[in-house]
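Hello,

Here is the structure I promised to hand over. Please look through it first, then read my notes below.

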Amino acid sequence: SVVVSSSLLMVCALALYRSDLARRGREHDLRASEQFNRLVASANPDCISLLDEDGIVLFGNDALLRAH
């Protein structure tokens, strides 16, 4: 009936809200982690690179670019 439908709708809305809140929290944590990693890589005077299994450079810090 109408009461059951309204209650079900509220439960679903609450579940979606909580899911969205959790997703936003994970996105925030990921952005903070990426920012920290970029800072560490850019401040490091040593060459840092990330290669894929074929040897293609996926990432290189500024020291690596200056060395080549």
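**Around Asn61**

Asn61 touches Ala41, Asn44, Asp46, Cys47 and Ile48. Contact here means heavy atoms within 4.5 Å, and residues up to four places away in sequence are left out of that list.

A word on the source. This is a predicted model, where local features need pLDDT of at least 70 and side-chain atom pairs count only at pLDDT 80 or more, while totals for chains, interfaces and linings use all residues. Residues are numbered from 1 along each chain as its sequence is written, and side-chain values use heavy atoms, with hydrogens and water left out.

Back to Asn61. Where does Asn61 sit? Its place is the loop between β2 (57–60) and α2 (62–67). Helices (H or I, at least four residues) and strands (E, at least two) are DSSP runs, numbered from the N terminus. Is Asn61 buried or exposed? Asn61 counts as buried because its relative accessibility is 2%. The cut-offs are these: buried is under 20% relative accessible area, exposed is over 50%, and partly exposed is in between (1.4 Å probe, protein chains only).

Asn61 also makes a polar contact. Its side chain reaches the backbone oxygen of Asp46 at 2.8 Å. Such a contact is a pair of N or O atoms within 3.5 Å; within protein, one must be able to donate a hydrogen and the other to accept it, and residues adjacent in sequence count only if both atoms are side-chain atoms.

Next comes Asp62, which lies in helix α2. Asp62 counts as partly exposed, at 39% relative accessibility.

**The whole chain**

How many helices and strands are there? The protein chain has two helices and two strands. Read from the N terminus, the order is α-β-β-α. The radius of gyration is 23 Å, well over the 11 Å that the globule rule gives for 68 residues, so the chain is more spread out than a compact globule. That radius is taken over C-alpha atoms, and the rule is 2.2 Å times the number of residues to the power 0.38. Along its principal axes, the C-alpha trace spans about 70 × 25 × 10 Å.

Buried residues make up 6% of the 68 residues. The protein chain exposes about 6000 Å², and carbon and sulfur atoms supply 63% of that. Accessible areas come from the Shrake-Rupley method with a 1.4 Å probe; for residues, only the protein chains shown count as cover.

Ala13 lies in helix α1. Ala13 is partly exposed, with a relative accessible area of 41%. The C-alpha atoms of Ala13 and Asn61 are separated by 44 Å, at 48 residues apart along the chain.

Side chains of opposite charge can pair when their charged atoms come close. A salt bridge is a side-chain nitrogen of Lys or Arg within 4 Å of a carboxyl oxygen of Asp or Glu. The structure holds three:

- Arg23 and Asp20 meet at 2.3 Å, N to O. They are three residues apart in helix α1 (residues 2–43), so about one helical turn separates them.
- Asp20 and Arg24 meet at 2.9 Å, N to O. They sit four residues apart in α1, again about one helical turn.
- Glu27 and Arg23 meet at 2.8 Å, N to O. This pair is four residues apart in α1, about one helical turn.

Together, Asp20, Arg23, Arg24 and Glu27 are linked in a network. Arg23 is partly exposed at 35%. So are Asp20 at 24% and Glu27 at 34%.

**A nonpolar patch**

Which residues form the nonpolar patch on the surface? They are Leu50, Ile56, Leu58 and Phe59, with about 390 Å² of accessible area together. Patches are made of residues with over 30% relative accessible area and no salt bridge: like charges are joined within 9 Å, nonpolar side chains (Val, Leu, Ile, Met, Phe, Trp, Tyr) within 5 Å. Leu58 lies in strand β2. At 56% relative accessibility, Leu58 counts as exposed.

Best wishes
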